[in-house]
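Me: Pick one part of this model and take me through it closely. Start with the surroundings, then zoom in, and spell out the cut-offs as you go.

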Amino acid sequence: MAQSTAAPSSTTQTVTPLPLRTLAPWAVFFGVLMLVLLYFVGAEQGATAVLSGENVHEWVHDSRHLLGFPCH
Amino acid sequence: MNSVTVRTLLVRGMLAGLGAGVLAFVFAYLVGEGPVNAAIAFEEANSHEHGGEELVSRSLQSTAGLATGLLVFGVAIGGIAALAFCFALGRIGRFGARATAALTALAGFLLLYLVPILKYPPNPPAVGSPDTVGKRTILFVLMIALSVLLGIAAVLLGRKFAPVWGNWNASTAAGVAFVAVVAMAMAVLPSGDNAPKGFPATDLWEFRTASIGIQAVLWAAFGLTFGFLAERVLEPRPARSPASTVTA
């Protein structure tokens with residue numbers, strides 16, 4: 001962090017955007033990971049299934065309904 | 001501004017989402033379980049099949065199961081929103097960290113939930129045939145994708161015309177364009193399933209308002225917590241000169 005000169009008026013300083021190059025790998029990897037989580041809460045063993053059975057569906061049943069996903 | 005910042009913001013976004021998920025769970029347990037139970041009672045009174053042994057008991061579904069779903073959902077949307085925040089920061093206008101976080105959360109609530117459910121509303125148990133769940137899931141995901149893409153397009157449009165028309169006029173025009181195109185898409189897309197005959201309209205209404213409440217609690221709690229946490233990463237308080245020597 002640089003030295004703080006005079007009175008730092010936070011209202012006037014503009015925010016520098018985070019460079020896309022540093023953001024991209026995080027966005028891709030964690031974006032996909034988060035979508036997988038959403039899939040398991042929202043759709044697994046409903047419309048399609050990766051795991052067999054009904055356990056995931058039954059376990060998150062109430063949250064799936066209440067979050068707005070088509071459940072069954 | 002390096003990848004350490006992105007990592008910190010991502011972690012804080014997921015933590016804020018986790019906390020928001022806890023709040024949403026409390027709300028869902030208090031407000032949402034009543035209509036769900038009423039719908040299940042209707043289903044059992046009217047079905048001829050069903051009646052096998054249940055894999056997960058109702059008492060688990062309404063507590064641990066509900067909590068699992070909402071906490072995982074909270075972490076997931078927290079992560080996604082944190083990444084969207086990292087992109088939006090400094091790119092959507094002259095907003096600081098907190099305002100950008102609030103706007104990101106508002107956009108998430110509107111684009112990922114409220115706009116899609118206007119066309120395909122949440123349904124309690126007993127509403128919607130299991131035979132059509134595939135079609136309904138595809139249409140719901142399609143509606144979410146459409147709403148997100150049109151939302152991004154509206155922001156780009158607003159940014160493009162802001163220097164010419166001014167912020168207020170450009171934002172209004174972008175908003176109107178968004179509503180118009182979304183309305184056209186909703187008019188064209190097929191409708192969802194009907195509730196079965198005799199299903200109480202009040203229960204349906206209460207279930208749906210509970211669902212909206214849960215998502216509103218989740219996104220509001222996320223936006224406010226994450227804004228607070230992100231601001232402390234991005235705009236560290238100017239060190240008071242005498243005490244600043246301690247940290248080095």
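Reply: Chain A has 3 helices and 0 strands (helices are DSSP runs of H or I with at least four residues, strands are E runs of at least two, and both are numbered from the N terminus). Its elements run α-α-α from the N terminus. Of its 72 residues, 38% are buried (buried is 20 or more other C-beta atoms within 10 Å of a residue's own, exposed is 12 or fewer, partly exposed is in between, with C-beta atoms placed from the backbone). This is a predicted model, where local features need pLDDT of at least 70 and side-chain atom pairs count only at pLDDT 80 or more, while totals for chains, interfaces and linings use all residues. Residues are numbered from 1 along each chain as its sequence is written, and chains are lettered from A and ligands numbered from 1 in the order in which they are written.

Chain B has 6 helices and 0 strands. Its 248 residues are 40% buried, and its C-alpha trace spans about 75 × 50 × 30 Å along the principal axes. Take the contacts in chain B between residues at least 6 apart in sequence: 85% of them join residues at least 24 apart (a contact means C-beta atoms, placed from the backbone, within 7 Å).

The part I'd zoom in on is helix H2 of chain B, residues 58-88. At 1.5 Å a residue, its 31 residues should span 45 Å, and the end C-alpha atoms sit 42 Å apart, which agrees (the expected span is 1.5 Å times one less than the number of residues). Still, H2(B) has a kink of about 35 degrees centred on B:Gly65 (the bend is the angle between axes fitted to the seven residues ending at a residue and the seven starting there). Just past the end of H2(B), B:Gly90 takes a positive phi of about 80 degrees.

How many of the residues of H2(B) are buried? The count is 25 of 31, so the helix is largely enclosed by the rest of the structure.

Part of that setting is the largest nonpolar core, with 79 residues (a nonpolar core is a set of buried Ala, Val, Leu, Ile, Met, Phe, Trp, Tyr and Cys residues joined through C-beta atoms within 7 Å). B:Ala24, B:Ala82, B:Phe85, B:Ile214 and B:Phe222 have the most contacts inside it. H2(B) gives this core its largest share, 17 residues. The core lies between two domains of chain B, because domain 1 (1-46 + 59-126 + 197-236) and domain 2 (128-194) both give residues to it (the bounds come from an automatic or database domain assignment). For a local view, look at B:Phe222: among the residues it touches, beyond those up to four places away in sequence, are B:Gly78 and B:Ala81, along with B:Ala16, B:Ala20 and B:Ala105.

As for the domains themselves, the C-alpha centres of domain 1 and domain 2 of chain B lie 19 Å apart.

Across the interface, 52 residues of chain B are in contact with 38 residues of chain A. Helices H1 (3-46), H2, H3 (97-119), H4 (133-165) and H6 (201-234) of chain B each supply at least two residues of the side that touches chain A. Which helix gives the most to that side? H2(B) does, with 16 residues. That side of chain B comes out as 30 nonpolar, 17 polar and 5 charged.

A:Met34 touches B:Ala76, B:Gly79 and B:Ile80, leaving aside residues up to four places away in sequence. A:Met34 counts as buried because 24 C-beta neighbours fall inside 10 Å.

B:Pro121, in the loop between H3 and H4 of chain B, is partly exposed, with 15 other C-beta atoms within 10 Å. B:Lys197, in the loop between helix H5 (167-188) and H6 of chain B, counts as exposed, with 6 C-beta neighbours inside 10 Å.

How values were computed
Two residues are in contact if their C-beta atoms, placed from the backbone, lie within 7 Å. Ala, Val, Leu, Ile, Met, Phe, Trp, Tyr, Cys and Pro count as nonpolar, Asp, Glu, Lys and Arg as charged, and the others, Gly among them, as polar.
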